[in-house]
Amino acid sequence: MATAYHNLSDYDFNSVPDASQMRFGIVVSEWNHNITGALLDGAVRTLKKHGAKDENILVYPVPGSFELTFGSAQLIKSGKVDAVIALGCVVRGDTPHFDYVCAGATQGITELNATTDTPVIYGLITTNNMQQAEDRAGGKLGNKGDECAVTAIKMIDFVCKLKK
């Protein structure tokens, strides 16, 4: 669904399971920190709103969005988390670098979801300009971090239901 038609922070609170026994890892890109910091704040705030404990929210920065895959893979290997939220922001520039970073990060996160038993939530904002990123990091279109937190909770619940 296009974000222009849906606020990223709007959801039915009661449709989200209790997160008090869930463990979360958040890998966040340092690049475009003004955006990724806001995404991180939104994700942590939303996890806590649904009962996640501070000690069960592990946050690890990585230099850029391309490194989100490696950081997520290492968190999964650690066995310390039930889901990983990968947060990053890539803004289109004048070179094809944007395309390579976006494709690489997307492919890497997809591969982790297909080959591991730990959900990795795609929180990579890819925009044409900084204003579009700001709109999706707590601006007029909500906060992608909120959406990612809700998705992580629901995916952990999904995995738990399958194991029963």
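Student: In which helix is the place of Phe-158?

Tutor: The model is predicted, with local features needing pLDDT of at least 70 and side-chain atom pairs pLDDT 80 or more, whereas totals for chains, interfaces and linings use all residues. Residues are numbered from 1 along each chain as its sequence is written, and side-chain values use heavy atoms, leaving out hydrogens and water. A helix is a DSSP run (H or I, at least four residues), numbered from the N terminus. The run of residues 144–163 holds Phe-158, and this is helix H5.

Student: Is Phe-158 buried, partly exposed or exposed?

Tutor: Buried means under 20% relative accessible area, exposed over 50%, and partly exposed in between (1.4 Å probe, protein chains only). The relative accessible area of Phe-158 is 46%, so this residue is partly exposed.

Student: With which residue does Asp-146 form a salt bridge?

Tutor: A salt bridge needs a side-chain nitrogen of Lys or Arg within 4 Å of a carboxyl oxygen of Asp or Glu. Asp-146 itself is buried, with a relative accessible area of 8%. Its partner lies in helix H1 (residues 33–49), so the pair ties together parts that are 101 residues apart in sequence. The closest N and O atoms are 3.8 Å apart, and the partner is Arg-45.

Student: Which residue meets Glu-147 in a salt bridge?

Tutor: Glu-147 is partly exposed at a relative accessible area of 25%. The N to O distance is 2.6 Å, and the partner is Lys-144.

Student: How many salt bridges are there by this rule?

Tutor: Among them is the pair of Lys-161 and Asp-157, at 3.1 Å from N to O. By the same rule, the count of salt bridges comes to six.

Technical notes:
Helix = DSSP H or I, 4+ residues; strand = E, 2+ residues; numbered from the N terminus.
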